[in-house]
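Here is a friendly note to read with the model open beside you. Take the points in order, and find each residue on screen as you go.

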Amino acid sequence: MAAWVLALANLKGGCGKTTLALNLAAGLVRRGSVGLVDADPQGAMGHWVAWGSGGDGTQGLPRVLAGGADPLGAIARAARRHDRVVVDCPPSLDMAITRQVLERARAVLIPVLPSPLDLWASAETVAVVRQARQTNPGLKAWLVVNQAEPGSALTRAMAATLAGLELPVLDSVVRRRAAYRNAALEGRSVYQMGFRGREAAREMDQVIEDIAGKE
Ligand SMILES: Nc1ncnc2c1ncn2[C@@H]1O[C@H](COP(=O)(O)OP(=O)(O)O)[C@@H](O)[C@H]1O
Ligand SMILES: [Mg+2]
């Protein structure tokens with residue numbers, strides 16, 4: 001059976017693709033084996049060196065595969081070995097890669113920062129989803145708000161912009177938390193951070209449940 005491939009994509013940098021790819025992959029390992037493909041030729045995940053060697057895709061840590069010059073080949077290899085594959089897509093210069101990944105994915109999550117400028121910048125990514133659906137009509141796609149500030153609701157203008165982006169917004173919201181930054185610095189996922197990562201891990205589980213509920 002073909003593996004379930006989840007892509008994290010947004011042509012804009014800094015919105016949380018890598019953070020969510022790593023931590024969602026770590027959460028998904030509890031449900032089966034997971035391969036995590038870094039489709040960014042700049043290889044941001046190179047920082048997770050310990051993961052790369054320590055993760056075997058089944059025991060708490062996903063196996064990280066560097067896409068290098070052939071991200072689609074890496075996805076195909078990961079798909080043969082694992083139940084699920086999570087793909088961290090590159091930013092805008094590699095739009096062709098993002099489109100090709102989306103043509104093979106089951107689902108894509110598009111992290112957006114809760115600011116009007118960032119939401120507008122996501123329109124281009126939504127257009128890539130539309131293109132990918134021409135050859136992959138079953139592609140599921142959601143926006144997910146990342147780095148939300150506790151207690152602050154989306155402004156009316158942002159809610160209107162989100163609604164205008166034509167893709168559904170995931171019910172669960174990812175908050176701005178030090179745990180995500182610290183986990184990255186320490187080369188782990190929020191699941192490996194004990195109580196410091198507890199709330200973030202719960203949040204990741206919520207995102208996973210949300211997606212699973214819509215499959
Ligand atoms: N929910 C969050 N809370 C706190 N910091 C975050 C969160 N999501 C991302 N970050 C931080 O924001 C920066 C950009 O995130 P990153 O995942 O690298 O974005 P991208 O891969 O889209 O370029 C990183 O320093 C990361 O640690
Ligand atoms: Mg990144």
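Where does Asn10 lie?

1. Asn10 lies in the loop between β1 and α1. Please keep in mind throughout that this is a predicted model. Asn10 counts as buried because its relative accessibility is 2%, and buried means under 20%. Its side chain makes a polar contact of 3.1 Å with the side chain of Thr125, and the side chain of Asn10 also reaches the backbone oxygen of Pro111 at 2.9 Å. Leaving out residues up to four places away in sequence, Asn10 touches several others, among them Cys15, Lys17, Pro90, Ile110 and Ser122.

2. **The sheet as a whole.** Now step back to the strands. Six of them form an open sheet, and reading across it gives the order β3-β2-β4-β1-β5-β6, with parallel pairing. At the edges are β3 (63-66) and β6 (140-145), each of which pairs on one side only. Neighbouring strands in this sheet are turned by 20° against each other on average, with direction ignored.

3. Is β1 mostly covered or mostly exposed? It is mostly covered, for five of its five residues are buried. Trp4, Leu6 and Leu8 point one way from β1, while Val5 and Ala7 point the other way, and all are buried. On one pairing, five bridges join β1 to β4 in parallel, and here Ala7 stands opposite Val87 in β4. On another, three bridges join β1 to β5, again in parallel, and Leu8 stands opposite Leu109 in β5.

4. **Strand β2 and Val37.** Strand β2 (residues 34-38) is joined to β4 (residues 84-88) by five bridges, and the two run parallel. Val37 lies in β2, and its bridge partner in β4 is Val87. Why does Val37 count as buried? Its relative accessibility is 0%, and the cut-off for buried is under 20%. Not counting residues up to four places away in sequence, Val37 touches residues including Leu65, Pro71, Ala74, Ile75 and Ala78, as well as Val87. For a sense of scale, the C-alpha atoms of Val37 and Val169 are separated by 24 Å, and these two residues are 132 apart along the chain.

5. **Strand β6 at the edge.** β6 is an edge strand, yet it is mostly covered: five of its six residues are buried. Six bridges join β5 to β6, which run parallel. Within this pair, Leu109 stands opposite Trp142 in β6. Leu109 is also the residue in β5 that stands opposite Leu8, which makes it a handy landmark when you follow the strands across.

6. **Helix α1 across the strands.** Which strands does helix α1 lie across? Helix α1 (residues 17-28) lies across β1 (4-8), β2, β4, β5 (107-112) and β6. Its direction is at about 165° to β4.

7. **Ligand 1.** There are 15 residues surrounding ligand 1, and the closest are Gly14, Thr18, Thr19, Asn146 and Arg175. A polar side-chain atom of Thr18 lies 2.9 Å from an oxygen atom of the ligand. For Gly16, a backbone N or O atom lies 3.0 Å from an oxygen atom of ligand 1. Gln147 takes part through its side chain, where an N or O atom is 3.2 Å from a ligand oxygen. The protein covers 80% of the 550 Å² of accessible area that ligand 1 has on its own.

8. **Two positive phi values.** Most residues other than glycine have a negative phi. Gln147, in the loop between β6 and α7, has a positive phi near 60°. Glu166 also has a positive phi, near 65°, and is found in the loop between α7 and α8 (178-186).

9. **Thr161 in helix α7.** Thr161 lies in helix α7 (residues 156-164). It counts as buried because its relative accessibility is 11%, below the 20% cut-off. Beyond residues up to four places away in sequence, Thr161 touches Leu119 and Trp120.

Methods. Residues are numbered from 1 along each chain as its sequence is written. Chains are lettered from A and ligands numbered from 1 in the order in which they are written. This is a predicted model: local features need pLDDT of at least 70, side-chain atom pairs count only at pLDDT 80 or more; totals for chains, interfaces and linings use all residues. Side-chain values use heavy atoms; hydrogens and water are left out. Two strands pair if DSSP finds at least two bridges between them. Helices (H or I, at least four residues) and strands (E, at least two) are DSSP runs, numbered from the N terminus. Axes are lines fitted to C-alpha atoms, for helices over the stretch in contact, and angles run from 0 to 180 degrees between N-to-C directions. Contact means heavy atoms within 4.5 Å. Buried means under 20% relative accessible area, exposed over 50%, partly exposed in between (1.4 Å probe, protein chains only). A residue is near a molecule or strand if one of its heavy atoms lies within 4 Å of it. A polar contact is a pair of N or O atoms within 3.5 Å; within protein, one must be able to donate a hydrogen and the other to accept it, and residues adjacent in sequence count only if both atoms are side-chain atoms. Accessible areas come from the Shrake-Rupley method with a 1.4 Å probe; for residues, only the protein chains shown count as cover.
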